[in-house]
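Open the model in your viewer and keep the sequence panel beside it.

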Amino acid sequence: MALKHSYTLLAPIYDIIVTGPIDAFRVKSLSRIQQTNNKQILINGIGSGLDIPYLADDACYTGTDITPAMLDRAKMRAEKCAADRPLNISLQLADSQQLPFTDNSFDAVIMHLILAVVPNPDLALQEACRVLRPGGKIYIFDKFIRKGQYAIGRRLLNVFLRHIATRTDVIFEDVLSNCPQLDIIHDEPALAKGWFRLIELKKNN
């Protein structure tokens with residue numbers, strides 16, 4: 001709940017904080033989603049909707065976030081984009097760690113800058129896997145410490161940031177180890193000398 005209140009306060013300035021060089025990697029991540037026609041795609045932790053301008057317009061999207069103030073901004077961004085091109089997107093208040101959807105509901109899940117924000121990234125990825133159909137993919141863009149990496153500064157920073165903005169100590173390999181149904185299809189370094197990574201996962205049958 002602390003993060004929910006923090007992001008309510010951050011909502012007016014959030015776009016300023018996380019735009020810039022990050023935008024190019026959003027585009028690169030989303031460009032990996034193929035054959036979007038009539039696909040059901042979940043944007044898990046949509047935030048203020050910074051992904052919306054880069055979405056293909058032939059899919060059906062559901063965007064979730066735990067913070068009403070962020071969803072309000074996402075709604076405004078979606079309406080602005082709709083003036084130029086139609087986009088089938090619905091927004092829903094929801095916790096990424098406890099999604100209100102049935103199993104196997106989506107063809108793809110987008111998780112940009114959410115796994116390193118939620119208190120329990122293991123649970124968030126498990127939930128994304130649960131609602132994903134077999135053969136579907138999860139597209140991740142986020143910051144992770146590598147397995148075996150000391151990253152002392154990031155771990156210390158986490159003590160101060162984890163309750164108000166984001167975690168800086170998440171090890172993706174540990175998170176993934178709790179989701180045996182997911183296989184890594186693609187993993188490449190992005191920003192900050194590889195601290196940020198672009199990852200693509202596939203749910204096996």
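Select glutamine 35. Is this residue buried or exposed? Glutamine 35 is exposed, at a relative accessible area of 69%; exposed means over 50%, buried under 20%, and partly exposed in between, with a 1.4 Å probe and protein chains only. Now check its backbone: phi of glutamine 35 is positive, about 50°, although the residue is not a glycine. Step out to its surroundings. Glutamine 35 sits in the loop between α2 (21-31) and β1 (40-44). Helices here are DSSP runs of H or I with at least four residues, strands are E runs of at least two, and both are numbered from the N terminus.

The model is predicted: local features need pLDDT of at least 70, side-chain atom pairs count only at pLDDT 80 or more, and totals for chains, interfaces and linings use all residues. Residues are numbered from 1 along each chain as its sequence is written, and side-chain values use heavy atoms, leaving out hydrogens and water.

Next, select asparagine 104. Which loop holds it? Asparagine 104 lies between β3 (88-93) and β4 (106-112). Its phi is also positive, near 60°, and asparagine 104 is not a glycine. Asparagine 104 counts as partly exposed, at 35% relative accessibility.

Now show the whole chain. Color by secondary structure: there are six helices and seven strands. From the N terminus, read them off as α-α-β-β-α-β-β-α-β-α-α-β-β. Of the 205 residues, 51% count as buried. Among contacts with a separation of 6 or more, 71% join residues 24 or more positions apart.

Note on methods
Contact means heavy atoms within 4.5 Å.
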